[in-house]
Amino acid sequence: MKKAIYPGSFDPVTYGHLDIIRRAAGLFDSLTVLVMTNSAKRTLFSPDERVKMIQGLVKDYPNVNVEATDRLLVDYARDNGKNIVVRGLRTTTDFEYELQLAHIYKKENEGLETVFLATEMEYSYLSSTVVREFASYHGDISPFVPASIIPLIEEKYR
């Protein structure tokens, strides 16, 4: 059984993330969207808020579940029987960074493979950072995120 993890901070989840989730859900038997804690980032939403946000958006995918962890990805994967990491790539800069991580994952957990999915062109510019920046200035974020989470984001900037 192909059990994949799609890790990220998802702060907030964007259309780009959802595109990777949709495509990965079609490739693997099960997909865990794993909300990670990144000590280098100051987040807008708590891990629990991000999990709930994503759960509401992936409810139509029976093989997708959403969890949060503050552990190392390699340890989470080993302890939960996951053998594939899914990463989305927007640019060559993303590739260089993600390739380094893939090598680290493999060194720490030999059974863990990384699969890269190229982001659809229409989302290649999109990041959670862009969403937060637009939202902080009360800009229109509707091209970037689903309508159902716009009020949650806007509330954080009131």
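Before counting anything, I note that two strands pair if DSSP finds at least two bridges between them. I also keep in mind that the model is predicted.

**Entry: the sheet.** I looked up β2 (residues 30-36) and found it paired with β3 in the parallel sense over 6 bridges. Within this pair, I see Val33 standing opposite Val66 in β3. Then I asked myself: in what order do the 5 strands of the open sheet run? I read β3-β2-β1-β4-β5, with parallel pairing. β3 (64-69) and β5 (113-118) are at the edges with a single partner strand each, so one side of each has no neighbour in the sheet. From one strand to the next, I get an average twist of 30°.

**Entry: a helix on the sheet.** I checked α4 (residues 92-108), which packs on the sheet and touches β4 (84-89) and β5. Its direction makes about 165° with that of β5.

**Entry: the cores.** Which residues have the most contacts inside the largest nonpolar core? I list Ile21, Leu31, Ile54, Val86, Ile141, Val145 and Ile153, in a core of 34 residues. Among the elements giving two or more residues to this core are β1 (3-8), α2 (47-57), α5 (128-136) and α6 (150-156). The largest share, 5 residues, comes from α1.

Finally, I noted a second, separate core of 11 residues, including Ile5, Val74, Tyr105 and Leu112.

Terms used
Residues numbered from 1 in each chain as written. Predicted model: local features only at pLDDT ≥ 70, side-chain atom pairs only at ≥ 80, totals over all residues. Heavy atoms only, no water. Helix = DSSP H or I, 4+ residues; strand = E, 2+ residues; numbered from the N terminus. Axes fitted to C-alpha atoms, helices over the stretch in contact; angles between N-to-C directions. Contact = heavy atoms within 4.5 Å. Core = buried A, V, L, I, M, F, W, Y, C linked by side-chain atoms within 4.5 Å. Buried < 20%, exposed > 50% of the residue type's maximum accessible area, 1.4 Å probe, protein only.
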